[in-house]
Amino acid sequence: MRRFARTLVTAALAVAVVGGTAGWASGDSQSAVTGPPPGSAAWRADTAYGRALPDPATATPQEVARFFAGLDDAGRAALVRSHPLVVGNLDGAPLPLRYEANRLAVAAAGDARFASLAAPDRRILAFDPRGRGQVAEVFGDLEHAAHVSVIVPGSDNDATSYDARRAPHTGPAGMARALRTATGAYEAGGSADGGSAAGGSVAVIAWTGYTTPVGVGLDAADGRLAAAGATRLARFTAGLDAVGAPDPVLFCHSYGSVVCGLAARHTDATDVVALGSPGMRADTADALHTGARVWAARGPSDWIADVPNVRFAGIGHGADPTSAAFGARRVPAADVRGHAGYFTPGTQSLAAFAAIAKGEAR
């Protein structure tokens, strides 16, 4: 009876404490944005040279890739102009088409919150204005990269906040920029948005492609939003594979590590890195059922350490990925400050992340 009582208390603490990148704030329940993008009905009713268009709800990324491979440039351009929201979010579509389609979709949205995403130097790989908005942005030359990493963020991130002004090297875009710089991708003629020489060898994607929890509350303590996000992440990585991108490394921060834990078995990731994790909804790394190497990092002052590592009645996310019993490879993080400092230049964690991203870590 005492053990059961302790479990109930721990579960209550999990509800109160488990959270994401924003810190200690009350949480608002979110409705997960799922399914095909807006405009899909009009897309399905259209044709290209008399051919039916692949259904965004059912076509695999490989089927989408084969469809576009059978079109000429004029046919592809016509679909971008007519259906930018669909093409921009269609996993398996050619990367340049998605960049152009999303530039048009952001402009057509007419929403000042998203306006900066339409700048010509940005490579927006996905954009969905529904709800708080979702976005994926490429840093580097994804078409020619030898290595690809995907940043999967935690709570309080969306299309308007993911690149907002905040402490440097935090937030999905800040983490992506920091990681790419740490890999040496800006050296020897490389540039911030891709380029030649060393700059073309590593691409990093800031993927805010799911509905994240807001603040601390039940959304952050349960797995509902993570499960919806895992489905989207798995399809996104299948889309990268369909266009010939290298198998990715997933860097999963805070609640994002819950998403990665549920998605891992459905991706072709080479490595899954959990940082500042409340748990991955698995008792051990082996229980993730992935062929990827699993890594974990937690800094000494990260408040996530105060989150009870339990699962009870759907609440809490389970074992601590940095514990010896979990079995993940440890990433050094002794000099990391706080919950969002893992990508700070000069830290042990960022140096280790760069080595993992380049396939050099052992």
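The link of Cys252 and Cys260 is left-handed, with -90° about the S-S bond. In this predicted model, the sulfur atoms of Cys252 and Cys260 lie 2.1 Å apart, S to S, in the disulfide that joins the two residues, and the structure holds one disulfide.

Turning to helix packing, helix 7, which spans residues 171-182, packs with helix 11, which spans residues 348-357, at an angle of about 75°, and their axes are 9 Å apart. Since angles of 65 to 115 degrees count as roughly perpendicular, helix 7 and helix 11 are therefore roughly perpendicular to each other. On the side of helix 7 the contact is made by Ala178, Leu179 and Ala182, while helix 11 contributes Leu350, Phe353, Ala354 and Ala357. By class, this contact of helix 7 with helix 11 has seven nonpolar residues, with no polar and no charged ones.

The largest pocket has a volume of about 480 Å³ and is lined by 23 residues, of which Gly35, Asn89, Asp91, Arg232 and Arg235 lie nearest its centre. Strand 3 (123-128), strand 4 (134-139) and helix 9 (224-242) each supply at least two residues of this lining, and the largest share, five residues, comes from helix 9.

The table sets out the two groups of residues by class.

Definitions and conventions
Residues numbered from 1 in each chain as written. Predicted model: local features only at pLDDT ≥ 70, side-chain atom pairs only at ≥ 80, totals over all residues. Heavy atoms only, no water. Axes fitted to C-alpha atoms, helices over the stretch in contact; angles between N-to-C directions. Helix = DSSP H or I, 4+ residues; strand = E, 2+ residues; numbered from the N terminus. Parallel < 35°, antiparallel > 145°, perpendicular 65-115°, else oblique. Contact = heavy atoms within 4.5 Å. Nonpolar A, V, L, I, M, F, W, Y, C, P; charged D, E, K, R; others polar. 1 Å grid on protein atoms, 1.4 Å probe; cavity = no way out; pocket = protein on both sides within 12 Å on 5 of 7 lines; lining within 4 Å. Points joined across faces, edges and corners; volume = space filled by probe spheres on them. Disulfide = S-S within 2.5 Å.
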